[in-house]
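Here is a short briefing on one protein model. It covers a sheet, a core and a pocket.

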Amino acid sequence: MAQKFRRVVTGHDENGIARVIMDSEATCILQRPNRPGVTLTNLWQHSQTPAPMETHEDPVTGPLILHPPANGAVFRIVQFDPENPEVLATLDGATAFAEMGAGANVVQGARHPFMHRTDSLDYSIILSGEIYMLMDEDDVLLKAGDVVIQQGTNHAWSNRGTEPCTIMFVLNDAK
């Protein structure tokens with residue numbers, strides 16, 4: 001079962017006093033049968049740079065898509081459960097990514113069905129567990145505390161271990 005995340009958002013009341021304006025479990029979550037064992041949870045996003053200093057409406061109420069908004073960013077956590085190689089061999093990455101509005105980002109004929117290239121500059125940190133980041137030819141084992149700066153390169157995530165891996169991402173629109 002995927003981890004749930006409490007999201008606490010601060011702001012100001014009508015008198016300019018700093019307050020918690022949102023405090024609840026994050027609800028913008030994507031789980032799907034075309035990519036079993038992977039749960040995406042969007043926590044926040046904005047669609048302009050510089051970002052607005054304060055927003056009182058929840059900006060992540062719509063459907064979860066892979067890309068950040070144009071001229072913006074998305075803050076997300078992804079849980080990758082251990083992969084089953086037999087199940088993985090039966091999956092169609094293009095269909096799974098199309099469900100997130102990114103079917104064209106899948107690398108056809110790649111060595112992993114979920115190899116893709118994002119149109120964003122992504123900052124990530126492994127929060128727990130271990131995962132392999134697959135590049136075109138190399139596999140890089142990442143562990144809790146490791147940081148990745150993904151500059152629009154082909155990549156896939158492969159949890160070959162026995163425990164879930166949780167990664168925090170900030171995807172920034174890039175050109």
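In what order do the four strands of the open sheet run? The order is β6-β11-β8-β9, and the pairing is antiparallel. This is a predicted model.

**Sheet**
- β6 (116-117) and β9 (139-143) are the edge strands, and each pairs on one side only.
- β8 and β11 (residues 154-158) run antiparallel and are joined by three bridges.
- L134 has A156 in β11 as its bridge partner.

**Nonpolar core**
- In soluble globular proteins, nonpolar side chains tend to be buried together.
- The largest nonpolar core here holds 28 residues.
- Those with the most contacts inside this core are L40, F80, F97, I131, L142, W157 and I167.
- Two or more core residues come from each of β3 (28-30), β4, β5 (73-80), α2 (93-98), β8 (130-134) and β12 (165-173).
- β12 gives the most to this core, with four residues.
- Leaving out residues up to four places away in sequence, I131 touches F80, I126, V140, L141, L142, W157, S158, N159, C165 and I167.

**Largest pocket**
- The largest pocket has about 210 Å³ of space.
- It is lined by 15 residues, and W44, P52, M53, E54 and T55 are the closest to its centre.
- By class, the lining has seven nonpolar, six polar and two charged residues.
- β1 (6-12), β2 (18-25) and β4 (38-46) each supply at least two lining residues.
- β1 gives the most to the lining, with four residues.

Terms used
Residues are numbered from 1 along each chain as its sequence is written. This is a predicted model: local features need pLDDT of at least 70, side-chain atom pairs count only at pLDDT 80 or more; totals for chains, interfaces and linings use all residues. Side-chain values use heavy atoms; hydrogens and water are left out. On a 1 Å grid over the protein atoms alone, a cavity is a set of points where a 1.4 Å probe fits but cannot get out, and a pocket is an open set with protein on both sides within 12 Å along at least five of seven lines; lining residues have an atom within 4 Å of a point. Grid points are joined across faces, edges and corners, and a volume is the space filled by probe spheres set on the points. Ala, Val, Leu, Ile, Met, Phe, Trp, Tyr, Cys and Pro count as nonpolar, Asp, Glu, Lys and Arg as charged, and the others, Gly among them, as polar. A nonpolar core is a set of buried Ala, Val, Leu, Ile, Met, Phe, Trp, Tyr and Cys residues joined through side-chain atoms within 4.5 Å. Buried means under 20% relative accessible area, exposed over 50%, partly exposed in between (1.4 Å probe, protein chains only). Contact means heavy atoms within 4.5 Å. Two strands pair if DSSP finds at least two bridges between them.
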